[in-house]
Amino acid sequence: MQIQNGYSGQNISSNDFSWSGTHVQLAAPALSTRSLDNESAATPTVDVKQYVFLQNPDLLQSAKTTAQLIESAQVLDVHGVHRLSEPDSAVKSVTISAASRTYRRISDTVLFFIQLAYATGDARYLKSAAKGADYLTATWQNLVDRPSEDLLSDRRLNLSFCGGLAGVAYVLNETSKATGNEKFRRGARSITDYIVQAAKSVGSGFAWSEAPGITGDGSIVLYLLYAAREFGSPLYGVTAERAADHILEIANNERHGGFSWSGFPAFPGLPKDAYLPTFEDGTAGITYVFARIYSETNKARFLFAAKQGALHLESTATSESNAALISHPLSDLPDSQYSVFCHGPAGTARTFFELYKITREPKYQVRAERLAQTILQKSFPENLAHDYNNTVCQSCGSVSVIDLYIEMWASTGRLDYLASAQRAARQLVSRELDLDGKGSQKPPVWTLAKPWKICAEGGYDAGEAGIGSALLHVHLAEQGRYNAILRLDSPFTHIRHAKSF
């Protein structure tokens, strides 16, 4: 028996925005009597009897064959193990990402193998993770002062979490905790010290690049907050504060209220005045950074900035029923809207969830819920061709929504989110291909911008490691032992050890 969809699948296009609205009914199953008819409404409860939760052994098997595909592209040298960018093509060292992201992709596969080791109890996956960490420890200095390429040219984003060294340091420290090998922790500490030393005085604070968004300096701030806790170093926290101060001083006052930021310089081919309000490259992600740094420092200026960013996001939104959507307005594409992590509610929902965590103001929880409901109203996951261009990856594809729902289930206990993630995971596994016995690919992995291009990158954002991780998260939730390694830009709980249904 399958869980029925029951959502309308209508596009959200109203020009009048209001966070209030009538309750979206789930045809089958349905939410119970409490609804989200106003901003102070509590989170709806769910009648468990209306759901059928079937565990799917194919999810773990699919994650294993994903690992097999990634391992088919591994290269062993004196430093350890690294992997080709695209396992299905032995001649490609780089696909859609700049060369500096090669290290981030290696890091992504390391985290995937750590999680697979936990899910299976198979020590060989942990050994595979350690070999990748060996390579990162021995070669991370290759990224120091190395010019980035393509979209990242001349912006020193090789230091960011998303594109370079901050992400490498995070992975090394997590690998140290998983393996007990202090060498990886020392490597992470060395990288962190380098990042701090590389900060440049700009205005009233620090900066590393021209990009304050999550793909740039915002992610470094998040990493330094993590490092300050992990290593007990006040210097890391102070550096994060100074960088946040500079981001605050470059805020734009919006005529409809609130603050906005240009999170990333215009991509090649886009108008110079193109503005992205969304998570990875725009205001939503920067708002999340301010919310996170307030939670660590309790300094009022950061909470003020976060609320001002949220106010601007609200002014750009459209709504229908109890769903809401933050647009992806470029100057020449004002009505462009996606449901994914980088430019849609799968990312922006976490901004409002973090604001709810730090303020306990119910309106922010309601906003996060409405953004999540948007995706279901658009008939996720069946409507992949329309809203995702049939794309699967974490950054611009449907897998980002699977993780959103699993993480929201873990944090709220709402079983409708778990049911939706289960259904989407089953749909994804049903579409995988066997690549000549090398392992399974969930096509097409990339890319939203070029739906005709099919590739199987090995990394997290645009590749197989991110897909395999999402399948593992659903599997572990079904087993009642959910424990995930989450991105630093996730506000959700990483652990829920209880039977879910």
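Helix axes here are lines fitted to C-alpha atoms over the stretch in contact, and angles run from 0 to 180 degrees between N-to-C directions. Helices (H or I, at least four residues) are DSSP runs, numbered from the N terminus. The model is predicted: local features need pLDDT of at least 70, side-chain atom pairs count only at pLDDT 80 or more, and totals for chains, interfaces and linings use all residues. Residues are numbered from 1 along each chain as its sequence is written, and side-chain values use heavy atoms, with hydrogens and water left out.

**Helix pairs**

| Pair | Axis distance | Angle |
|---|---|---|
| H6 (217-231) and H8 (283-297) | within 10 Å | roughly 20° |
| H13 (399-412) and H15 (464-479) | 9 Å | about 30° |
| H4 and H5 (182-198) | 7 Å | about 155° |

Angles under 35 degrees count as roughly parallel, over 145 as roughly antiparallel, 65 to 115 as roughly perpendicular and the rest as oblique. A crossing is left-handed if the near helix is turned anticlockwise from the far one by less than a right angle, and right-handed if clockwise. Contact means heavy atoms within 4.5 Å. For residue classes, Ala, Val, Leu, Ile, Met, Phe, Trp, Tyr, Cys and Pro are nonpolar, Asp, Glu, Lys and Arg are charged, and the others, Gly among them, are polar.

**H6 with H8**

The axes of H6 and H8 cross at roughly 20°. That makes H6 roughly parallel to H8. Their crossing is left-handed. From H6, Gly 218, Val 221, Leu 222, Leu 225 and Arg 229 meet Tyr 288, Val 289, Arg 292, Ile 293 and Glu 296 of H8. The contact has six nonpolar, one polar and three charged residues.

**H13 with H15**

H13 and H15 are roughly parallel to each other. Their crossing is left-handed. Val 399, Ile 402, Asp 403, Ile 406 and Trp 409 are the H13 side. Facing them in H15 are Gly 466, Ile 467, Ala 470, His 473, Val 474 and Ala 477. Eight of the contact residues are nonpolar, two polar and one charged.

**H4 with H5**

H4 and H5 run roughly antiparallel. Their crossing, too, is left-handed. Contact residues include Leu 165, Ala 169 and Leu 172 of H4, and Phe 184, Ala 188 and Ile 191 of H5. By class there are 10 nonpolar, six polar and two charged.

**The second largest pocket**

A pocket is an open set of points on a 1 Å grid where a 1.4 Å probe fits, with protein on both sides within 12 Å along at least five of seven lines; lining residues have an atom within 4 Å of a point. The second largest pocket holds about 640 Å³. Of its 28 lining residues, Tyr 170, Ala 484, Ile 485, Leu 486 and His 494 are closest to the centre. Helix H2 (102-120), H4 (165-179), H6 and H8 each give two or more residues to the lining. H6 gives the largest share, five residues. The lining has 16 nonpolar, five polar and seven charged residues.

Notes:
Grid points are joined across faces, edges and corners, and a volume is the space filled by probe spheres set on the points.
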